[in-house]
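Please keep the model open beside them as you read.

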Amino acid sequence: MRRSSDGYLSHVPSQSEAVSAVQGALAALPSGRWLLAVSGGRDSMVLLDAMASARGHEVAAVATFDHGTGRAATRAASLVERRGLELELPVVSGTVDAPEPPGEASWRHLRWRFLRGWAEELDATILTAHTADDQVETVVQRILRGAGARGLAGMNAVVVAPGLPTVLRPLLGVAGTVIADYATTRSLRYVTDPTNRDRKYQRNRVRHDILPALERAAPGFGAWCADLSVRAAAWRTALASLVDSGIGPTITGDGALVLWASRVQALGADEWSVIWPELAARVGVVMDRRGIARASAWAPRSKPGGEVQLSRGATIRRTARTFVIRASATLANYIDAQ
């Protein structure tokens, strides 16, 4: 395995290998109804082309969103619309309908709100075109933010919470070099986002500066990050199973999580620091480090009527017999954090 200028994880594939790798990744999907999230960039146009070729009858719609950031964004959305129609697939498109502060978080929020709405309307599962290179970049970003084992799973984590659409990333194990060669082999048209080289965005600094430097200093660093994310995701799955079998939380009809205090009375702060994020995620609440530390110190000595405030208005309340986690923020905030 060696890194090329287009990716971190793979040898440079032959064109036939690239097509086979992408087709194999999509073949691993179960049968379903799919909402394809297609931006007009190279990776998403590969997803569109491959799904149309192999599983077009399962595509509920192709979804594209113009963030209103300039001519490139508008050209990309128009390209997706034209290509979807050429492939005889339904296309849904959206655009910014109100002024929003510029930046990654705002654009991501708007895009996910749009995708979530159409996924619910069409009763479809969202497919994104994130690749193995995207996953490595995400893991490095999480490391820079001081994430623990849960966060290091990156996009390998399966997010399940009431009201959230299912999101699958079938190309997450496919390297950027493979995607690039597929696009060349199929002569695909795509639009390159000019902001992809703007160093004011952290992901671009990671992609163009930090990761190449780390790979030079420690060859194989990218592959190590990819493996780390797989192991962290396995840890999350094992923890979820232990929580279900050991303490059995329940979700109420109004979307709160209830935990019987008698089942967790022996836990100390260290154990709570592991369990709280898992429990909170089930009702769409992301706990930051300060929230985890505060709730974990409070839980072993909590009394009925006590409460901990979390970010975005979420709360943990102690009743006479239970702990109750309730989210008051929009679920879009939870998706944005993933």
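**Notes on the model**

1. The structure holds 15 salt bridges, a salt bridge being a side-chain nitrogen of Lys or Arg within 4 Å of a carboxyl oxygen of Asp or Glu. Side chains of opposite charge can pair when their charged atoms come close. Before going on, a word on the basis: this is a predicted model, in which local features need pLDDT of at least 70 and side-chain atom pairs count only at pLDDT 80 or more, while totals for chains, interfaces and linings use all residues. Residues are numbered from 1 along each chain as its sequence is written, and side-chain values use heavy atoms, with hydrogens and water left out.

2. For orientation, the protein chain has eleven helices and ten strands. Helices (H or I, at least four residues) and strands (E, at least two) are DSSP runs, numbered from the N terminus. The chain has 338 residues, and 49% of them count as buried; buried means under 20% relative accessible area, exposed over 50%, and partly exposed in between (1.4 Å probe, protein chains only).

3. How much of the contact count comes from residues 24 or more positions apart? Among contacts in the protein chain with a separation of 6 or more, such pairs account for 70%. Contact here means heavy atoms within 4.5 Å.

4. Now to individual salt bridges. Arg83 and Asp49 meet through their side chains at 3.7 Å, N to O. This pair links distant parts of the chain, with Arg83 in helix 3 (residues 71-86) and Asp49 in helix 2 (residues 42-55), 34 residues apart.

5. Another pair to look at is Arg207 with Glu137, a salt bridge whose closest N and O atoms are 3.0 Å apart. Arg207 sits in helix 7 (residues 202-217) and Glu137 in helix 5 (residues 132-144), so the bridge links distant parts of the chain, 70 residues apart. Glu137 is buried, with a relative accessible area of 2%.

6. Glu278 and Arg150 also form a salt bridge, with 2.9 Å between the closest N and O atoms. Here 128 residues separate the partners: Glu278 belongs to helix 9 (residues 269-281), and Arg150 to the loop between helix 5 and strand 5 (167-168). Glu278 is buried at 7% relative accessibility, and Arg150 is buried too, at 17%. Elsewhere, salt bridges that share partners join Asp49, Arg83, Glu86, Arg186 and Arg189 into one network.

7. Two packed helices are described by the angle between their axes and the distance between the axes. The axes of helix 8 (residues 221-246) and helix 9 come within 10 Å and cross at roughly 90°. Axes are lines fitted to C-alpha atoms, for helices over the stretch in contact, and angles run from 0 to 180 degrees between N-to-C directions. Helix 8 and helix 9 are therefore roughly perpendicular to each other, the range for that word being 65 to 115 degrees. From helix 8, Trp235, Arg236, Leu239, Ala240 and Val243 make the contact, and from helix 9, Val274, Glu278 and Leu279. By class, the contact has six nonpolar, no polar and two charged residues. Nonpolar covers Ala, Val, Leu, Ile, Met, Phe, Trp, Tyr, Cys and Pro; charged covers Asp, Glu, Lys and Arg; the others, Gly among them, are polar.

8. Some loop residues are worth a check. Glu58 lies in the loop between helix 2 and strand 2 (59-66) and counts as buried at 11% relative accessibility. Not counting residues up to four places away in sequence, Glu58 touches Pro30, Ser31, Gly32, Arg33 and Trp34.

9. Finally, the backbone. Most residues other than glycine have a negative phi, and most peptide bonds are trans. Glu88, however, has a positive phi near 60°; Glu88 is in the loop between helix 3 and strand 3 (91-95) and is exposed at 71%. Arg312 also has a positive phi, of about 60°, in the loop between strand 8 (307-309) and strand 9 (315-318), and is partly exposed at 45%.

How values were computed:
Parallel < 35°, antiparallel > 145°, perpendicular 65-115°, else oblique.
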